[in-house]
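Thanks for coming. Please take a look at the sequence and the model on the screen, and then I will go through a few points.

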Amino acid sequence: MLVLRLLNVVAPAYFLCISLVTFVLQMFLFIPSMFRDPSTTSLFSPALLHGALFLFLSANAMGNYVLVIQSSPEDLGKDLNLGKGAEVVDWLDGSRSPGSALPSTHFCRLCARVTQRHDHHCFFTGNCIGSRNMRNFIMFCLYTSLACLDSLVAGMVYISATLSMSFADPLAFLTLLPHSISQFFSGALLSSEMFVILMLYLWLGIGLACAGFCCHQMLLILRGQTRYQVRKGMVVRARPWRENLQEVFGRRWLLGLLIPVQNVESDCRRQKGK
């Protein structure tokens, strides 16, 4: 448990540091290098277009990241007015934990609360992912993967211009890291250039991981399931996939794709049901 609590602090700090480094490289290294191209006009220069795209992706990624933390899954134990010493029996494995024994709920020992439609505990946000912040979590994964892809392309353009190399051959990117390491230790490559090359592979890894996680979550949503239900072997009632999507994304799904917004419609429907 101590290792998990430590990871709950280290993982958000790691993500924020990577985000800060990416922002600095884009704003002070990649984008200024694009202004050196004299063949383009200042209004429609690649630097301005790329800068606007990067700021849009970064704002959505960080905005949804903040909303995932702010829109914490509600503690159902408080709604049920349970006493301090109240315990419930997990209806799956029989273990006792404070909170509610309602179906589709789960008690997270790191968050110390019972949440509805619990999916998993995200260490990078230090928060549980449930019914209230699932949409923001998916948007966070989507825009993080797109921001990493954007940074990867900009970094490859910068490296190709700085080192006078071409990435037309797919093997050029695969052999870039070992070749750069040998050049760095022989003194033929600057430390700043080596740092950018390392960031290329880091952006690739984070982008692929976030994209895969986003696709996996969307598949579970279409099925009306959560990761916790799949892991525990729970059988859910089959519903049309449109209803499953509307429950998570709400009617303002298009607005959520453009700007970070809270999913308040699910709360309104929950209050009407009460």
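When I say contact, I mean heavy atoms within 4.5 Å. This is a predicted model, where local features need pLDDT of at least 70, side-chain atom pairs count only at pLDDT 80 or more, and totals for chains, interfaces and linings use all residues. Residues are numbered from 1 along each chain as its sequence is written, and side-chain values use heavy atoms, with hydrogens and water left out.

Start at Trp203. Setting aside neighbours within four places in sequence, Trp203 is in contact with Thr22, Leu25, Phe30, Cys148, Ser151 and Leu152.

Next, the cores. A nonpolar core is a set of buried Ala, Val, Leu, Ile, Met, Phe, Trp, Tyr and Cys residues joined through side-chain atoms within 4.5 Å; buried is under 20% relative accessible area, with a 1.4 Å probe and protein chains only. The largest has 21 residues, and those touching the most other members include Leu25, Phe30 and Trp203. At least two residues each come from helices H1 (2-34), H4, H5 (170-174) and H7 (191-223). H7 gives the most, six residues. A separate second core has 20 residues, among them Ile138 and Cys214.

Helices here are DSSP runs (H or I, at least four residues), numbered from the N terminus.

How values were computed. Buried means under 20% relative accessible area, exposed over 50%, partly exposed in between (1.4 Å probe, protein chains only).
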